[in-house]
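Subject: A structure for you to look at

Hi there,

Here is the structure I promised to pass on.

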Amino acid sequence: MADPSPAQERDLYRDLVAARRLDVELVRWQRQGIIPAFPPSFGQEAAQVGAGAAIDPTRDFAFPMYRELGVAVAMGVDMLGYLGNHDGSWNGGRHDPVASRFTPLQSVVGSNGPHAVGWALGQRLDDREGVAVAFIGDGGTSQGDTHEAMNVAGLWNLPVVFFVTNNRWAISVPESSQVAGGSIVARAAGYGFPGVVVDGDDVLAVRAATIAAIARARRGEGPTLIEAQTYRRGPHATSDDPSRYRTLDDERRDAGEDPLDRYRADALERGVIDTAFVQAVEDEMTTWLEGIRGHLVSPAPRDGSEMFDFVYAEPTSELLDQKAEWAKGAAL
Ligand SMILES: Cc1ncc(C[n+]2csc(CCOP(=O)(O)OP(=O)(O)O)c2C)c(N)n1
Ligand SMILES: [Mg+2]
């Protein structure tokens, strides 16, 4: 079940390249002033694409943080909508979360764990078979919200996969300075569910581990913590300067092999892709990226009243007053 077909392998390769090429362009576009900010995923593509490819978008639901570009690519989330979070036009993205099975992006570290657990409880109460996949960073595991989410999920045996991307850093804080006991995966035992360490730079291993964890949750056997070990190669975000807390030598020593180069070499050797396919994917991506850039440089005007409309399902009278005040100014 966990072995991908040749067609699925080609999709994995295409998604890895898409995630990499878009990531590189987004950093450039931020430097060109086209978007205000971006948190790069360079080097984390295998962890992201492998996990995203394992999620069944007809039944399951992804609860991302802010660094899940490759998951969104692999799940086929509308990319211009997703980028609404990073182009500054819409906090959390403009994609349709329900249709995409991919929630708005979360910048509040740890907050998406309880969301995933709540959704999983809803599946249980409605007698449905969906599995929630919460994406949490190594730093996110130090948050109280994550503890509460894992504790309740373990206690109630809920269908949740806690996919922890351990990229060794939480902005400037290394894993060693914030993980008591020295191991993220070991925490699962305290919540009464299994923990699995996977090489986060091996897309096939990540996909297989995530498929297994989702299948287990769907069988009613409860949560799994997956610790995908990878490395954040660049800055935390385009506003960050990693030379303040680590050297380039540190980075080169610790980063390991590039996950995209690794999978390309492996897939070529096994004959699931060939050099013509590799070139065709590059060409396809160039066209795709030009289209995205075109949209980002000429955004459609937005109605400012959106600021007020989606804060609450039922707006408060204060909010309505503020909207009316704002409308007077907007009409001038
Ligand atoms: C509740 C909360 N505290 C602090 C921050 C500031 N902050 C943003 S990202 C981040 C580090 C998160 O690290 P990790 O969970 O390892 O994810 P990574 O950025 O490495 O992908 C912090 C502390 C925040 N956004 N939310
Ligand atoms: Mg981290």
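For a protein of 332 residues, a compact globule would have a radius of gyration near 20 Å, and this one has 20 Å, so the two agree. Please keep in mind that this is a predicted model. The protein has 14 helices and seven strands.

Just after α1 comes Gly33, with a positive phi of about 80°.

Next, look at how helices pack. Two packed helices are described by the angle between their axes and the distance between the axes.

At what angle do α1 and helix α11 pack? The angle is about 155°, and the axes lie 11 Å apart (α11 is residues 259-270). Since angles over 145 degrees count as roughly antiparallel, α1 is therefore roughly antiparallel to α11. The crossing of these two helices is left-handed. On the α1 side, the contact involves Glu9, Leu12, Tyr13, Leu16, Val17 and Arg20, which meet Pro259, Leu260, Tyr263, Arg264 and Arg270 of α11. Sorted by class, that contact of α1 with α11 has seven nonpolar, no polar and four charged residues.

An α-helix has 3.6 residues a turn, so residues three or four places apart point the same way.

Among the contact residues are Arg14, Ala18, Leu22 and Trp29 of α1, and Val281, Met285, Trp288 and Leu289 of α12. The contact of α1 with α12 counts 14 nonpolar, one polar and seven charged residues.

Finally, find helix α6 (residues 112-125) and helix α7 (residues 144-155), which pack at about 20° with their axes 7 Å apart. Because of that angle, α6 is roughly parallel to α7. The crossing of α6 and α7 is left-handed. Gly113, Pro114 and Val117 in α6 meet Asp145, Ala149, Val152 and Ala153 in α7. The contact of α6 with α7 divides into five nonpolar residues, one polar and one charged.

Enjoy exploring!

Best wishes

Notes:
Residues are numbered from 1 along each chain as its sequence is written. Chains are lettered from A and ligands numbered from 1 in the order in which they are written. This is a predicted model: local features need pLDDT of at least 70, side-chain atom pairs count only at pLDDT 80 or more; totals for chains, interfaces and linings use all residues. Side-chain values use heavy atoms; hydrogens and water are left out. Helices (H or I, at least four residues) and strands (E, at least two) are DSSP runs, numbered from the N terminus. Axes are lines fitted to C-alpha atoms, for helices over the stretch in contact, and angles run from 0 to 180 degrees between N-to-C directions. Angles under 35 degrees count as roughly parallel, over 145 as roughly antiparallel, 65 to 115 as roughly perpendicular and the rest as oblique. A crossing is left-handed if the near helix is turned anticlockwise from the far one by less than a right angle, and right-handed if clockwise. Contact means heavy atoms within 4.5 Å. Ala, Val, Leu, Ile, Met, Phe, Trp, Tyr, Cys and Pro count as nonpolar, Asp, Glu, Lys and Arg as charged, and the others, Gly among them, as polar. The radius of gyration is taken over C-alpha atoms; the globule rule is 2.2 Å times the number of residues to the power 0.38.
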